[in-house]
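The sequence and the model come first.

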Amino acid sequence: MNLNKSNIIIFLGPPGAGKGTLSKLFVDKLNWIQLSTGDILRENISNKTELGEKVDFIIKSGKLISDELIIQIVKDWLLKNLKDSSKVILDGFPRTENQAIELKKMLASSLKNTDLILIRLKISESVLVSRLLNRTICSNQECKAIYSLVQYKEPLCSLCSSKLTIRPDDELNAIKDRLKLYSQNENLILDIFKRSGIKIIDIDVEKPIQEIYKDLLIKLNIYDNNKK
Ligand code: AMP
(Lines give C-alpha, C1' and ligand atoms only; values in the text may rest on other atoms or scores of the structure.)
Protein backbone atom coordinates (compact mmCIF):
# COMPACT_ATOMS: atom_id res chain seq x y z
CA MET A 1 0.00 0.00 0.00
CA ASN A 2 1.37 3.43 -0.95
CA LEU A 3 0.99 5.55 2.20
CA ASN A 4 2.11 8.73 0.41
CA LYS A 5 -1.06 8.79 -1.65
CA SER A 6 -4.70 9.02 -0.58
CA ASN A 7 -6.04 5.57 0.10
CA ILE A 8 -9.55 4.23 0.23
CA ILE A 9 -10.28 0.81 1.65
CA ILE A 10 -13.64 -0.80 0.98
CA PHE A 11 -14.74 -3.41 3.47
CA LEU A 12 -16.98 -5.62 1.34
CA GLY A 13 -18.80 -8.11 3.51
CA PRO A 14 -22.30 -9.11 4.57
CA PRO A 15 -24.02 -7.50 7.56
CA GLY A 16 -22.41 -8.91 10.70
CA ALA A 17 -19.05 -9.68 9.07
CA GLY A 18 -17.37 -7.08 11.28
CA LYS A 19 -17.07 -4.08 8.95
CA GLY A 20 -17.95 -1.67 11.76
CA THR A 21 -15.63 -3.27 14.33
CA LEU A 22 -12.68 -3.40 11.93
CA SER A 23 -13.31 0.18 10.82
CA LYS A 24 -13.27 1.31 14.46
CA LEU A 25 -9.86 -0.33 14.95
CA PHE A 26 -8.47 1.46 11.89
CA VAL A 27 -9.86 4.74 13.19
CA ASP A 28 -8.73 4.34 16.82
CA LYS A 29 -5.32 2.74 16.22
CA LEU A 30 -4.25 4.05 12.81
CA ASN A 31 -6.11 7.38 12.62
CA TRP A 32 -7.94 6.48 9.43
CA ILE A 33 -11.26 8.22 8.81
CA GLN A 34 -14.42 6.20 8.36
CA LEU A 35 -17.42 6.76 6.16
CA SER A 36 -20.20 4.51 7.38
CA THR A 37 -23.28 5.13 5.25
CA GLY A 38 -25.38 3.18 7.81
CA ASP A 39 -24.17 5.43 10.66
CA ILE A 40 -24.93 8.60 8.67
CA LEU A 41 -28.45 7.34 7.96
CA ARG A 42 -29.04 6.30 11.61
CA GLU A 43 -27.79 9.70 12.83
CA ASN A 44 -30.29 11.36 10.50
CA ILE A 45 -33.06 9.14 11.88
CA SER A 46 -32.25 9.95 15.50
CA ASN A 47 -31.97 13.68 14.69
CA LYS A 48 -35.35 13.44 12.88
CA THR A 49 -34.03 15.19 9.74
CA GLU A 50 -35.93 15.15 6.44
CA LEU A 51 -33.53 12.46 5.16
CA GLY A 52 -33.99 10.49 8.39
CA GLU A 53 -37.80 10.48 8.04
CA LYS A 54 -37.46 9.33 4.42
CA VAL A 55 -35.21 6.35 5.21
CA ASP A 56 -36.42 5.23 8.65
CA PHE A 57 -38.92 2.60 7.47
CA ILE A 58 -36.66 1.33 4.67
CA ILE A 59 -33.79 0.67 7.09
CA LYS A 60 -36.01 -1.03 9.68
CA SER A 61 -37.32 -3.40 7.02
CA GLY A 62 -33.81 -4.42 5.93
CA LYS A 63 -34.11 -2.94 2.42
CA LEU A 64 -31.61 -0.66 0.67
CA ILE A 65 -31.88 3.12 0.32
CA SER A 66 -32.03 4.35 -3.30
CA ASP A 67 -28.72 4.51 -5.17
CA GLU A 68 -29.37 8.15 -6.03
CA LEU A 69 -29.64 9.20 -2.39
CA ILE A 70 -26.71 7.17 -1.12
CA ILE A 71 -24.37 8.17 -3.97
CA GLN A 72 -25.07 11.84 -3.24
CA ILE A 73 -24.30 11.31 0.47
CA VAL A 74 -20.99 9.60 -0.37
CA LYS A 75 -19.96 12.20 -2.97
CA ASP A 76 -20.67 15.07 -0.56
CA TRP A 77 -18.79 13.33 2.24
CA LEU A 78 -15.71 12.54 0.09
CA LEU A 79 -15.56 16.07 -1.32
CA LYS A 80 -15.64 17.47 2.22
CA ASN A 81 -13.32 14.99 3.92
CA LEU A 82 -10.85 13.58 1.39
CA LYS A 83 -7.64 15.59 1.46
CA ASP A 84 -4.11 14.83 0.15
CA SER A 85 -2.90 11.53 1.64
CA SER A 86 -6.17 10.92 3.50
CA LYS A 87 -6.81 7.36 4.61
CA VAL A 88 -10.48 6.52 4.28
CA ILE A 89 -12.53 3.45 5.05
CA LEU A 90 -15.77 2.93 3.21
CA ASP A 91 -17.96 0.86 5.50
CA GLY A 92 -21.20 -0.11 3.77
CA PHE A 93 -20.57 1.43 0.35
CA PRO A 94 -20.79 0.36 -2.45
CA ARG A 95 -23.64 -2.08 -1.94
CA THR A 96 -25.02 -2.26 -5.48
CA GLU A 97 -23.67 -2.46 -9.02
CA ASN A 98 -24.68 1.18 -9.71
CA GLN A 99 -22.92 2.40 -6.58
CA ALA A 100 -19.75 0.53 -7.62
CA ILE A 101 -19.93 2.06 -11.12
CA GLU A 102 -20.31 5.55 -9.61
CA LEU A 103 -17.32 5.01 -7.32
CA LYS A 104 -15.27 3.81 -10.30
CA LYS A 105 -16.22 7.00 -12.16
CA MET A 106 -15.17 9.12 -9.14
CA LEU A 107 -11.79 7.33 -9.10
CA ALA A 108 -11.28 8.23 -12.75
CA SER A 109 -12.16 11.91 -12.16
CA SER A 110 -12.29 13.69 -8.79
CA LEU A 111 -10.40 10.92 -6.93
CA LYS A 112 -7.64 10.44 -9.53
CA ASN A 113 -4.80 10.40 -6.98
CA THR A 114 -6.43 7.86 -4.76
CA ASP A 115 -5.54 4.17 -4.48
CA LEU A 116 -8.47 1.86 -3.86
CA ILE A 117 -8.14 -1.51 -2.14
CA LEU A 118 -11.07 -3.84 -1.71
CA ILE A 119 -11.09 -6.13 1.32
CA ARG A 120 -13.52 -9.02 1.02
CA LEU A 121 -14.65 -10.33 4.40
CA LYS A 122 -15.39 -14.06 4.19
CA ILE A 123 -17.77 -15.70 6.67
CA SER A 124 -20.51 -18.37 6.75
CA GLU A 125 -24.21 -17.47 6.96
CA SER A 126 -24.90 -19.38 10.21
CA VAL A 127 -22.17 -17.44 12.06
CA LEU A 128 -23.55 -14.18 10.66
CA VAL A 129 -27.14 -14.77 11.80
CA SER A 130 -26.03 -15.66 15.31
CA ARG A 131 -23.71 -12.60 15.48
CA LEU A 132 -26.44 -10.22 14.34
CA LEU A 133 -29.04 -11.64 16.73
CA ASN A 134 -26.59 -11.10 19.62
CA ARG A 135 -25.24 -7.69 18.61
CA THR A 136 -25.58 -4.64 20.86
CA ILE A 137 -24.21 -1.18 20.07
CA CYS A 138 -23.26 1.78 22.22
CA SER A 139 -25.84 4.55 21.75
CA ASN A 140 -23.19 7.27 22.13
CA GLN A 141 -22.49 8.50 18.57
CA GLU A 142 -18.90 9.40 19.51
CA CYS A 143 -18.24 5.83 20.70
CA LYS A 144 -20.41 3.34 18.78
CA ALA A 145 -18.63 0.36 20.37
CA ILE A 146 -20.05 -2.97 19.27
CA TYR A 147 -20.59 -5.93 21.65
CA SER A 148 -21.88 -9.48 21.53
CA LEU A 149 -24.46 -10.49 24.14
CA VAL A 150 -22.69 -13.87 24.20
CA GLN A 151 -19.63 -12.30 25.82
CA TYR A 152 -20.93 -9.03 27.29
CA LYS A 153 -24.27 -8.98 29.10
CA GLU A 154 -24.06 -5.55 30.80
CA PRO A 155 -26.61 -2.84 29.86
CA LEU A 156 -23.96 -0.07 29.70
CA CYS A 157 -20.90 0.43 27.45
CA SER A 158 -17.62 -0.56 29.15
CA LEU A 159 -15.81 2.34 27.39
CA CYS A 160 -18.11 5.31 27.98
CA SER A 161 -20.95 3.99 30.22
CA SER A 162 -23.66 4.97 27.72
CA LYS A 163 -26.71 2.78 27.21
CA LEU A 164 -26.33 -0.19 24.84
CA THR A 165 -29.04 -0.60 22.20
CA ILE A 166 -30.11 -3.19 19.64
CA ARG A 167 -30.45 -2.08 16.02
CA PRO A 168 -34.09 -2.41 14.83
CA ASP A 169 -32.87 -4.19 11.68
CA ASP A 170 -31.04 -6.87 13.74
CA GLU A 171 -34.27 -8.87 13.81
CA LEU A 172 -34.54 -12.29 12.16
CA ASN A 173 -36.71 -11.40 9.12
CA ALA A 174 -34.80 -8.19 8.41
CA ILE A 175 -31.51 -10.09 8.84
CA LYS A 176 -32.57 -12.73 6.30
CA ASP A 177 -33.60 -10.01 3.81
CA ARG A 178 -30.34 -8.13 4.29
CA LEU A 179 -28.21 -11.26 3.77
CA LYS A 180 -30.16 -12.25 0.65
CA LEU A 181 -29.78 -8.76 -0.80
CA TYR A 182 -26.08 -8.77 0.00
CA SER A 183 -25.33 -12.04 -1.78
CA GLN A 184 -27.30 -10.90 -4.85
CA ASN A 185 -25.10 -7.82 -5.14
CA GLU A 186 -21.66 -9.06 -4.06
CA ASN A 187 -20.63 -10.72 -7.34
CA LEU A 188 -21.81 -7.77 -9.44
CA ILE A 189 -19.72 -5.40 -7.33
CA LEU A 190 -16.68 -7.69 -7.41
CA ASP A 191 -16.89 -8.02 -11.20
CA ILE A 192 -16.75 -4.26 -11.67
CA PHE A 193 -13.65 -3.86 -9.53
CA LYS A 194 -11.92 -6.99 -10.92
CA ARG A 195 -12.38 -5.65 -14.43
CA SER A 196 -10.76 -2.35 -13.42
CA GLY A 197 -7.73 -4.11 -11.93
CA ILE A 198 -8.42 -2.97 -8.35
CA LYS A 199 -6.47 -4.91 -5.72
CA ILE A 200 -8.75 -7.38 -3.89
CA ILE A 201 -7.72 -8.97 -0.58
CA ASP A 202 -9.68 -11.89 0.90
CA ILE A 203 -9.76 -12.16 4.65
CA ASP A 204 -11.26 -14.88 6.87
CA VAL A 205 -13.36 -13.15 9.55
CA GLU A 206 -14.50 -16.19 11.52
CA LYS A 207 -11.84 -15.67 14.20
CA PRO A 208 -11.14 -13.27 17.07
CA ILE A 209 -11.04 -9.63 16.00
CA GLN A 210 -7.42 -9.03 17.04
CA GLU A 211 -6.27 -11.90 14.79
CA ILE A 212 -8.34 -10.58 11.88
CA TYR A 213 -6.90 -7.11 12.40
CA LYS A 214 -3.33 -8.46 12.43
CA ASP A 215 -3.92 -10.61 9.28
CA LEU A 216 -5.24 -7.55 7.55
CA LEU A 217 -2.32 -5.29 8.47
CA ILE A 218 0.09 -7.99 7.25
CA LYS A 219 -1.77 -8.34 3.95
CA LEU A 220 -1.74 -4.54 3.53
CA ASN A 221 2.01 -4.44 4.32
CA ILE A 222 1.48 -2.01 7.20
CA TYR A 223 1.97 -4.39 10.14
CA ASP A 224 4.32 -2.89 12.69
CA ASN A 225 5.74 -5.49 15.11
CA ASN A 226 6.48 -2.85 17.73
CA LYS A 227 2.99 -1.38 17.86
CA LYS A 228 0.82 -4.52 17.46
P1 AMP B 1 -25.20 -0.86 7.82
O2 AMP B 1 -25.04 -0.13 9.11
O3 AMP B 1 -24.04 -0.67 6.88
O4 AMP B 1 -25.55 -2.33 8.01
O5 AMP B 1 -26.46 -0.19 7.07
C6 AMP B 1 -27.75 -0.20 7.66
C7 AMP B 1 -28.81 0.07 6.61
O8 AMP B 1 -28.59 1.36 6.00
C9 AMP B 1 -28.83 -0.90 5.43
O10 AMP B 1 -29.53 -2.10 5.72
C11 AMP B 1 -29.52 -0.06 4.37
O12 AMP B 1 -30.92 0.04 4.62
C13 AMP B 1 -28.94 1.33 4.60
N14 AMP B 1 -27.68 1.51 3.83
C15 AMP B 1 -26.43 1.66 4.32
N16 AMP B 1 -25.52 1.79 3.33
C17 AMP B 1 -26.22 1.68 2.17
C18 AMP B 1 -25.87 1.70 0.80
N19 AMP B 1 -24.59 1.82 0.40
N20 AMP B 1 -26.87 1.57 -0.14
C21 AMP B 1 -28.16 1.46 0.24
N22 AMP B 1 -28.57 1.42 1.52
C23 AMP B 1 -27.63 1.53 2.49
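In this predicted model, Phe 26 has a relative accessibility of 0% and therefore counts as buried, the limit being under 20%. The ring of Phe 26 pairs with that of Trp 32: the centres are 5.6 Å apart and the planes stand at 85 degrees, so the pair is edge-to-face. Trp 32 is also buried, at 4% relative accessibility.

A search of the whole structure gives 4 aromatic pairs. Another of them joins Phe 26 to Phe 11, with ring centres 5.9 Å apart and planes at 80 degrees, so this pair too is edge-to-face. Phe 11 belongs to strand β1 (residues 6-12) and Phe 26 to helix α1 (residues 19-30), so the pair ties together parts 15 residues apart in sequence. Phe 11 is buried, with a relative accessible area of 2%. Taken together, ring pairs link Phe 11, Phe 26, Trp 32 and Tyr 213 into a cluster.

The other feature is a helix contact. Helix α2 (residues 37-46) and helix α3 (residues 50-60) have axes that come within 8 Å and cross at roughly 115 degrees. That angle makes α2 roughly perpendicular to α3, because the class runs from 65 to 115 degrees. The crossing of α2 past α3 is left-handed. On the α2 side, Leu 41, Asn 44 and Ile 45 take part, and they meet Leu 51, Gly 52, Val 55, Asp 56 and Ile 59 of α3. By type, the residues of this contact comprise 5 nonpolar, 2 polar and 1 charged.

Key
Residues numbered from 1 in each chain as written. Predicted model: local features only at pLDDT ≥ 70, side-chain atom pairs only at ≥ 80, totals over all residues. Heavy atoms only, no water. Axes fitted to C-alpha atoms, helices over the stretch in contact; angles between N-to-C directions. Helix = DSSP H or I, 4+ residues; strand = E, 2+ residues; numbered from the N terminus. Parallel < 35°, antiparallel > 145°, perpendicular 65-115°, else oblique. Left-handed = near helix turned anticlockwise from the far one by under 90°. Contact = heavy atoms within 4.5 Å. Nonpolar A, V, L, I, M, F, W, Y, C, P; charged D, E, K, R; others polar. Phe/Tyr/Trp six-rings, centres within 6.5 Å; stacked < 30°, edge-to-face > 60°. Buried < 20%, exposed > 50% of the residue type's maximum accessible area, 1.4 Å probe, protein only.
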